[in-house]
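Subject: Structure handover

Hello,

Here is the structure I said I would pass on. My notes on it follow below.

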Amino acid sequence: MKSDTFDISNLEYSIKNNFIEKMLFLWIIMGILLYIITEIRALMIGWVIRDLIYTILMALIIIVFLFRKKIKPAHKAFFLISINLIIAVSGTVTLGMFAGGIFFFQLTAFIAALFYSKKTVWTLIFIMILYLTVLSYCFTTGIISIKQSAESLIRNPMIWVTFISTLTGYFIFASQILITYLHEIRQLLNEISRQRDKLSKAMDEINQLNKLLPICASCKKIKDDSGYWNKVEKYIEDHSGATFTHGLCPDCAKKLYPDEYDDNEQKNRYSLSLFFQVAFCLLLW
């Protein structure tokens, strides 16, 4: 954002990278808390393959977080989307609507909307809704069943703790996504405004130099808008980014320093004559 050049690709990369970095940081904090709660729940209702999956995912999240600086934002986003979907599917398959993982479907849609095209996002949403529809059919027809009764699950305090904590995590993630997005948009608008002001100033300077300039026929001073007469170099420096360095052209050097200029000219002629004489002798030899 602090660069003097406006590169939209760099800005987009920065916005996405800042966003996904915050999401990973939140995932580490919330993930550890949710993992502890779900494992306590597993001790009460039974440890299943779902809990092994959670353990592996938690380890992967920690590894990605440690090496996040070496991973591109798009790859980190794909990783988070995959993690969310795995948690959501593994939770809902085993516990149905009692699973707190149901909220990870919404998080998946949020993250995908910021990194992928509209077509991809809508396709993903359609697949998730289709999955939940098929899952609901399987539960209602008895194809899939829960080991514990619905009554025992509802009366189990750890089920409610897991559900409420997951819902809290969803609220935090969703709000953080919106807060981060709005913050980056404000920074982008500020950068656009700064570049617009810079461009406007440059156009004003160009317009100043493009208009007819009243210049003295004798001393070559230029009259500015306030009526003051300024040297040419001062006027151009004030109305553009140019900076002048001073030297002498050959005509002025000869006019101001005739003796030194004539001596240098004679030395040059003598050197040139000597060069041709040596060259001619070499040819004869």
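I start with a pair of helices: H3 passes H4 in a left-handed crossing. By class, the contact of H3 with H4 has 15 nonpolar, three polar and no charged residues. Please keep in mind throughout that this is a predicted model.

The two axes come within 8 Å of each other and cross at roughly 160°. Angles over 145 degrees count as roughly antiparallel, and H3 and H4 are therefore roughly antiparallel to each other. Helix H4 covers residues 104-115, and helix H3 covers residues 73-95.

The residues that meet in this contact are as follows.

- From H3: Pro73, Ala74, Ala77, Leu80, Ile81, Asn84, Leu85, Ile87, Ala88, Val89 and Thr92.
- From H4: Phe104, Phe105, Leu107, Thr108, Ile111, Ala112 and Phe115.

Ala74 is in helix H3 and touches Phe115 and Tyr116, leaving aside residues up to four places away in sequence. Along the chain, Ala74 and Tyr116 are 42 residues apart, while their C-alpha atoms are separated by 9.0 Å. Is Ala74 buried, exposed or partly exposed? With a relative accessible area of 44%, Ala74 is partly exposed, since that class lies between the 20% limit for buried and the 50% limit for exposed.

**The overall layout**

The protein has 285 residues, of which 30% count as buried. It contains 10 helices and two strands. Reading from the N terminus, the order of the elements is α-α-α-α-α-α-α-β-β-α-α-α. Among contacts with a separation of 6 or more, 66% are between residues 24 or more positions apart.

**H3 and H5**

Helix H3 also packs against helix H5, which spans residues 118-141. Here the angle is about 15° and the axes are 10 Å apart. That makes H3 roughly parallel to H5, because angles under 35 degrees are put in that class. The crossing of H3 and H5 is right-handed.

On the H3 side the contact is made by Leu85, Val89, Thr92, Val93 and Leu95. These meet Leu124, Met128, Tyr131, Leu135 and Phe139 in H5. Sorted by class, this contact has nine nonpolar residues, one polar residue and no charged ones. Leu85, Val89 and Thr92 are also listed in the contact of H3 with H4.

**Salt bridges**

How many salt bridges does the model have? The count comes to three. Side chains of opposite charge can pair when their charged atoms come close. Glu21, Arg68, Lys69 and Lys76 are linked in a network of such bridges.

Taking the pairs in turn, Glu21 forms a salt bridge with Arg68, and the closest N and O atoms are 2.9 Å apart. Glu21 lies in helix H1 (residues 8-45) and Arg68 in the loop between helix H2 (49-66) and H3, so this pair ties together parts that are 47 residues apart in sequence.

Glu21 also forms a salt bridge with Lys69, with 3.8 Å between the closest N and O atoms. Lys69 lies in the loop between H2 and H3 and Glu21 in H1, so the parts tied together here are 48 residues apart in sequence.

In another bridge, the side chains of Lys76 and Glu21 meet at 2.7 Å, N to O. Lys76 lies in helix H3 and Glu21 in helix H1, so this pair joins parts 55 residues apart in sequence.

Glu21 has a relative accessibility of 14% and so counts as buried, the limit being under 20%. Lys76 is buried as well. Lys69, in contrast, is exposed, with a relative accessible area of 69%, where exposed means over 50%.

**A position in H1**

The last item concerns Leu33, which is in helix H1. Leu33 is partly exposed, with a relative accessible area of 46%. Leu33 and Gly169 are 136 residues apart along the chain, and their C-alpha atoms are separated by 9.6 Å.

Regards

Technical notes: Residues are numbered from 1 along each chain as its sequence is written. This is a predicted model: local features need pLDDT of at least 70, side-chain atom pairs count only at pLDDT 80 or more; totals for chains, interfaces and linings use all residues. Side-chain values use heavy atoms; hydrogens and water are left out. Axes are lines fitted to C-alpha atoms, for helices over the stretch in contact, and angles run from 0 to 180 degrees between N-to-C directions. Helices (H or I, at least four residues) and strands (E, at least two) are DSSP runs, numbered from the N terminus. Angles under 35 degrees count as roughly parallel, over 145 as roughly antiparallel, 65 to 115 as roughly perpendicular and the rest as oblique. A crossing is left-handed if the near helix is turned anticlockwise from the far one by less than a right angle, and right-handed if clockwise. Contact means heavy atoms within 4.5 Å. Ala, Val, Leu, Ile, Met, Phe, Trp, Tyr, Cys and Pro count as nonpolar, Asp, Glu, Lys and Arg as charged, and the others, Gly among them, as polar. A salt bridge is a side-chain nitrogen of Lys or Arg within 4 Å of a carboxyl oxygen of Asp or Glu. Buried means under 20% relative accessible area, exposed over 50%, partly exposed in between (1.4 Å probe, protein chains only).
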